[in-house]
Amino acid sequence: MNSRVLLVEDEEALRLFVGDSLRNEGYAVEFACDGHEGLEKATNLPVDLIILDVMLPRKDGFEVCQAIRAAGHSAPILMLTARGQIEDTVNGLRIGADDYVTKPFNMTELMARVGALLRRAPVNGGFRDNVYHFGEVRVDLRATEVTRNGKRVDLSAREFQLLRFLIEHRGETLSRDVLLKDVWGYGAKIYTRTVDMRIANLRHHLEDDPKQPKFILTVQGLGYKFKPEDPDTGKE
């Protein structure tokens with residue numbers, strides 16, 4: 001069954017162009033032309049991914065994104081923004097967006113990011129348990145909050161995305177190339193050293209001894225693996 005994408009965009013020409021490109025890639029497409037309609041369809045239709053413009057009439061993209069997550073819907077959200085301000089990007093990621101593309105964008109890159117988000121999305125999508133525990137760490141995926149021993153841990157938006165990806169693929173050995181493609185997005189102009197630095201930051205915040213990690217493990221020559229200490233550790 002083809003993945004179903006909801007495109008929330010008020011600019012008609014862009015909506016039609018992106019919609020045609022999505023269909024050419026084999027996706028089923030639903031459309032909404034304002035924030036109110038987008039929220040209604042996102043929360044009532046079986047969608048696998050949402051492409052959400054920031055500047056929308058009636059409700060802006062940030063309001064819609066936050067409301068979707070508050071309703072418990074976990075379909076990946078890719079935000080489109082023309083603002084080009086890092087504060088808007090970080091805000092979107094912190095309230096529940098999974099990725100963003102700045103207008104004007106390359107359609108090939110947009111399609112690659114859509115594919116990457118769908119590959120990393122949970123098989124059943126939609127509504128799911130969103131809280132995980134390991135050791136003294138609690139991760140609320142929907143609220144994008146991490147605590148350790150009851151105290152808030154401040155992660156960057158990218159570090160939270162990386163942690164979420166590790167949790168959702170726990171037990172798997174993930175290469176740096178996979179992490180670059182599926183967390184940073186295909187075509188991101190960064191180096192594998194960036195992955196190592198972000199992993200080191202996660203260990204610093206979450207491990208008792210970052211030099212001898214128990215949860216975020218290095219698999220020599222292959223990449224990294226998230227392995228909860230207790231096999232019963234997992235969803236709340």
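Helix α1, residues 12-24, lies across β1, β2 and β3 and runs at about 165° to β2. Contact here means heavy atoms within 4.5 Å. Angles run from 0 to 180 degrees between N-to-C directions, along axes fitted to C-alpha atoms, for helices over the stretch in contact. Helices (H or I, at least four residues) and strands (E, at least two) are DSSP runs, numbered from the N terminus.

The model is predicted: local features need pLDDT of at least 70, side-chain atom pairs count only at pLDDT 80 or more, and totals for chains, interfaces and linings use all residues. Residues are numbered from 1 along each chain as its sequence is written, and side-chain values use heavy atoms, with hydrogens and water left out.

Look inside α1 at S21. S21 is buried, with a relative accessible area of 13%. Buried means under 20% relative accessible area, exposed means over 50%, and partly exposed lies in between (1.4 Å probe, protein chains only). Leaving aside residues up to four places away in sequence, S21 touches M107 and M111.

Now turn to the sheet under this helix topic. In what order do the 5 strands of the open sheet come? The order is β2-β1-β3-β4-β5, and the pairing is parallel. Two strands pair if DSSP finds at least two bridges between them. The edge strands are β2 (28-32) and β5 (99-102), each of which pairs on one side only. On average, neighbouring strands of this sheet are turned by 20° against each other, direction ignored. Strands of a sheet pair through backbone hydrogen bonds, either parallel or antiparallel.

Take one pair in detail. Strand β1 (residues 4-8) joins strand β3 (residues 49-53) in the parallel sense over 4 bridges. V8 has L52 in β3 as its bridge partner. Next, find A28 in strand β2. A28 counts as partly exposed, at 23% relative accessibility. A28 and V5 are 23 residues apart along the chain, yet their C-alpha atoms are separated by 6.1 Å. A28 touches N2, S3, R4 and V5, not counting residues up to four places away in sequence.

Follow the chain from β3 towards α3. R58 lies in the loop between these two elements. Its phi is positive, about 75°, although R58 is not a glycine. Most residues other than glycine have a negative phi, and most peptide bonds are trans. Is R58 buried or exposed? R58 is exposed, with a relative accessible area of 62%.

Helix α3 (residues 61-70) comes next. At its start, a side-chain oxygen of D60 reaches to within 3.0 Å of the backbone nitrogen of F62. α3 lies across β3 and β4 (77-81), running at about 170° to β4. In α3, the residues G61, F62, V64, C65, I68 and R69 are buried. They cover an arc of only 165° around the axis, so they sit on the same side of α3. The arc is that of the directions from the helix axis to the C-beta atoms. Just after α3, G72 takes a positive phi of about 90°.

Move on to the loop between β5 and α5 (107-120), where P104 is found. A cis peptide bond joins K103 and P104, with omega about -10°.

A second open sheet has 4 strands in the order β6-β7-β8-β9, with antiparallel pairing. β6 (131-134) and β9 (151-152) are the edge strands, and each pairs on one side only. β6 and strand β7 (residues 137-140) run antiparallel and are joined by 4 bridges. Here H133 has R138 in β7 as its bridge partner. N149 sits in the loop between β8 and β9. N149 is a residue other than glycine, and its phi is positive, near 55°.

Helix α6 (residues 157-168) lies across β6, β7 and β8 (145-148), running at about 100° to β7. Helix α7 (residues 176-184) has L179, L180, D182, V183 and W184 as its buried residues. G185 follows α7 and has a positive phi, near 105°.

Finish with the largest nonpolar core. Such a core is a set of buried Ala, Val, Leu, Ile, Met, Phe, Trp, Tyr and Cys residues joined through side-chain atoms within 4.5 Å. Of its 27 residues, F134, V139, V146 and L163 touch the most other members. β6, β7, α6, α7, α8 (192-206) and β12 (223-226) each supply at least two residues of this core. α6 gives the most, with 6 residues. In soluble globular proteins, nonpolar side chains tend to be buried together.

How values were computed:
A polar contact is a pair of N or O atoms within 3.5 Å; within protein, one must be able to donate a hydrogen and the other to accept it, and residues adjacent in sequence count only if both atoms are side-chain atoms.
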